[in-house]
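Student: I would like to learn how to read a few backbone and packing features in a model like this one. Could you take me through them one at a time?

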Amino acid sequence: MDFDQEGFIDCHTHLADSMFEHDIQNVVDNARRSGVIAALVCTVTPSDFPLVLRLCDQYPDILAPCLGIHPVQKDSNGEQRCVTQSDLDEVVAEIEKYADKICAIGEVGLDFQPRITPETSLKDSQRSVLKAQVDLANKHNLPLNVHSRSAGKPTITALKEFGARNVLLHAFDGRPSTAMEGVKEGYFFSIPPSIVRSEQMKLVKQLPIENMVLETDCPGLGPVKGERNEPSNIQISCDYIAKVKNLPPQEVKKITSRNAISLFPRLKRILK
Ligand SMILES: [Zn+2]
């Protein structure tokens, strides 16, 4: 059966975020109406795990879960802080338990914004949490859904060193030349709707279309800063790539969905 013709695949969302709590049904309906046929839902913190699993059970024909721990966590008063080994310890058993069910390990990665990692030891801590999750991905033959903020080069270097095999780098903010090192490894890059207001046009220009997929990262990274983003905005990413690559949007949709299915083969469970 041919899976790749029919619609958009949103490779990175946070639909279990509290910003969708009150109208998730509408958001999913809007996504379907906009031609979205599948969306990956990522966790950030340990408390997201049950929420993401429940949401994907609720909409099994369109949502697929990714479980993993993000490099940026929140402490009890809501302040952002760097991930620790004990955060990872909290979730490893859950990832193992659901390894056959999930589409990828994620969201994982490195975030070297100075306010998150003022000390070198914190960068090392993020690296070791990432390594443990790359090991889990390899153990279960799962792809990785990867965050890299102010850490494009360190993230690609770490993924190579840790032996990561199937990788999506989402919302990559590094240099195009660094991204091309990932392309050499067969990594994919997803483009969010915020591309229309970012300075990453050169990245879209340089990346081969064979290594590109679509994402919204909703509720973040929408076309308008500060406004809630939704999977129904995915067309914006598609149209942007089409314009830069001088391809028909229909072709970009087809190629990126085909790429998404090859990177995340368990999407076929949804698209059957
Ligand atoms: Zn994300």
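Student: Where is proline 219 found?

Tutor: Proline 219 is found in the loop between strand E10 (212–214) and helix H8 (234–245), where helices (H or I, at least four residues) and strands (E, at least two) are DSSP runs, numbered from the N terminus. Residues are numbered from 1 along each chain as its sequence is written. Bear in mind that this is a predicted model, in which local features need pLDDT of at least 70 and side-chain atom pairs count only at pLDDT 80 or more, while totals for chains, interfaces and linings use all residues.

Student: Which peptide bond at proline 219 is cis, and what is its omega?

Tutor: Most residues other than glycine have a negative phi, and most peptide bonds are trans. Here a cis peptide bond joins cysteine 218 and proline 219, with omega about 10°. The bond from glycine 106 to glutamate 107 is also cis, with omega near 20°, and glutamate 107 belongs to strand E6 (residues 104–111).

Student: What is phi of aspartate 217, and is aspartate 217 buried or exposed?

Tutor: Aspartate 217, in the loop between E10 and H8, has a phi near 55°, a positive value in a residue other than glycine. A residue is buried if 20 or more other C-beta atoms lie within 10 Å of its own, exposed if 12 or fewer, and partly exposed in between, with C-beta atoms placed from the backbone. Aspartate 217 counts as buried because it has 22 C-beta neighbours inside 10 Å. Serine 150, in the loop between strand E7 (144–149) and H5, has a positive phi near 50°, but with 15 such neighbours inside 10 Å serine 150 counts as partly exposed.

Student: How do the axes of helix H5 and helix H6 cross?

Tutor: For such a pair, axes are lines fitted to C-alpha atoms over the stretch in contact, and angles run from 0 to 180 degrees between N-to-C directions. The axes of H5 (residues 152–161) and H6 (residues 176–184) come within 9 Å and cross at roughly 15°. H5 and H6 are therefore roughly parallel to each other, a description that applies to angles under 35 degrees, with those over 145 roughly antiparallel, 65 to 115 roughly perpendicular and the rest oblique.

Student: Which residues make the contact?

Tutor: Two residues are in contact if their C-beta atoms, placed from the backbone, lie within 7 Å. Gly152, Lys153 and Ile156 of H5 meet Thr178, Glu181 and Gly182 of H6.
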